Amino acid sequence: MNRRLGAVWLLAVLTACSTPAPAPAPATPKLRDLATVDACTLLAEPDFEKPFTKAPEPLDEPLSCRWSVEGQTVWMSVENESLEQAKVRVHEGSELTVEGRKAWWGVQSDFTSEPSSSIGVTVTELAADRVLVMTAEKIPRNYDVGSVARTRSVAVVRRLFS
């Protein structure tokens with residue numbers, strides 16, 4: 001009987017002292033094969049507050065598209081450059097995180113156009129040599145255009161990594 005209690009006690013002590021197995025690392029989402037992506041499907045009408053005023057338009061560059069809604073235009077492109085290289089697109093920008101990825105964003109006004117507009121740009125790192133550039137323009141000028149670019153960036157990054 002003492003041996004059994006001793007064995008149970010020894011087992012309890014050894015179990016208490018053992019290190020639990022580490023939890024498995026979460027899987028890192030992989031960027032979709034960009035050769036198969038239709039850029040104009042990365043955002044849809046429900047991603048906007050108002051309906052499209054015209055159908056999404058592919059732009060001349062691969063992996064780029066433009067969406068138009070009342071008083072607002074949003075266009076995006078996936079560029080072959082690092083985040084550091086792409087930061088020059090955003091004057092007086094600041095750091096941001098988009099879905100756990102490094103990003104840079106800023107807002108600027110265009111007083112030369114009539115009516116004046118404001119432009120928000122968010123550049124999000126997809127890989128060491130790839131960035132998503134999301135640009136939003138609002139007419140008339142409105143500084144919440146930065147949130148338009150940021151929230152659309154979140155939607156696109158989710159779709160590119162799903």
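Guide: Buried means under 20% relative accessible area, exposed over 50%, and partly exposed in between (1.4 Å probe, protein chains only). This is a predicted model, where local features need pLDDT of at least 70, side-chain atom pairs count only at pLDDT 80 or more, and totals for chains, interfaces and linings use all residues. Residues are numbered from 1 along each chain as its sequence is written, and side-chain values use heavy atoms, with hydrogens and water left out.

Visitor: Does Glu79 count as buried or partly exposed?

Guide: The relative accessibility of Glu79 is 21%. Buried requires a value under 20%. Glu79 therefore counts as partly exposed.

Visitor: How far apart are the closest N and O atoms of Arg89 and Glu79?

Guide: A salt bridge is a side-chain nitrogen of Lys or Arg within 4 Å of a carboxyl oxygen of Asp or Glu. Arg89 and Glu79 form one, and their closest N and O atoms are apart by 3.9 Å.

Visitor: What is the N to O distance in the salt bridge of Arg89 and Glu81?

Guide: Glu81 counts as buried because its relative accessibility is 16%. Its side chain meets that of Arg89 in a salt bridge, with an N to O distance of 2.8 Å.
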